[in-house]
Amino acid sequence: MLSRLQLCRSPLAGDSHLHKNLLGLIQAAGLKNFPPPPVYDCEMPPDSRGKKLPILPKVPQYPAVFKPFKMQKKLRLMRGPEQVFNKLLHKQYGVIALIGGRLKYGHLEMIRFTCGKKLPSESFALWRVDPPWQPVTKKGQGQRMGGGKGAIDHYVTPIKAGRVIIEVGGPVEYAEVRKTLEEVAHKLPFKAMAVSQEILDQMHEDEKYIEDNNENPYTFKYIIQNNLGGCHNWISPVDKYWFGKHR
């Protein structure tokens with residue numbers, strides 16, 4: 001498209017009819033129609049205390065006369081699906097565990113540092129897990145067998161599959177917090193993933209669709225319940241409860 005200066009210097013500048021037509025093709029600024037900003041239906045914390053994750057205690061606080069107790073591993077605290085804390089309270093975004101595991105104090109501090117530095121200032125974050133409470137014992141290097149249970153080394157928080165670790169909300173899009181939540185999920189000691197409420201609903205719908213539209217009658221659940229092939233002699237005891245889903 002010719003500018004005014006090029007039009008004046010061109011040999012066609014003498015033609016007034018062509019001059020008017022070329023002037024009508026010059027682009028000009030005009031009104032632009034932008035879509036309205038999204039409306040976020042979320043509850044913000046009443047003050048700035050809920051915007052950042054608080055520091056959790058590293059060791060449980062017991063009374064002065066109470067001796068800290070020791071525990072076994074209790075793998076049942078990490079096996080199976082989470083039945084209670086498996087939903088997002090604010091229906092926005094969060095990080096969920098895909099398998100069972102344990103969270104140490106260092107993992108909780110990693111989550112707090114990452115969310116405090118990289119989440120948008122308009123968002124807020126909430127803990128959905130308890131502080132470390134289960135004691136883990138350990139013996140010193142080079143000690144012989146026997147001598148009783150070792151001393152308490154540190155405390156952990158057991159996690160089941162489907163447990164919500166943290167929850168993020170506020171007037172932000174999922175694309176703004178997705179990278180930070182994926183970084184947190186990648187650094188956890190077990191498999192985890194960043195989700196939004198839409199992703200969580202889609203996962204439940206897909207699982208229900210596969211279960212309802214399965215055309216093979218010989219499912220793993222049917223085989224175990226009817227002891228086909230004498231499978232009770234070699235399967236794990238937990239398979240009788242979760243049918244191969246949670247090990």
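Trainee: Which residues form one aromatic cluster?

Mentor: Tyr62, Phe66 and Phe69 form it. A caution first: this is a predicted model, in which local features need pLDDT of at least 70, side-chain atom pairs count only at pLDDT 80 or more, and totals for chains, interfaces and linings use all residues. Residues are numbered from 1 along each chain as its sequence is written, and side-chain values use heavy atoms, without hydrogens and water.

Trainee: Why is the aromatic pair of Tyr93 and Tyr174 called tilted?

Mentor: Rings of Phe, Tyr and Trp (its six-membered ring) pair if their centres lie within 6.5 Å; planes under 30 degrees apart count as stacked, over 60 as edge-to-face and the rest as tilted. Tyr93 and Tyr174 are 5.6 Å apart centre to centre, with 35° between the planes, so the pair is tilted.

Trainee: What makes the pair of Tyr218 and Tyr222 edge-to-face?

Mentor: Their ring centres are 5.8 Å apart and their planes stand at 75°, so this pair is edge-to-face. By this rule the count comes to 4 aromatic pairs.

Trainee: Why is Tyr222 called partly exposed?

Mentor: Buried means under 20% relative accessible area, exposed over 50%, and partly exposed in between (1.4 Å probe, protein chains only). Tyr222 has a relative accessible area of 37%, and is therefore partly exposed. Both Tyr93 and Tyr174, by contrast, are buried.
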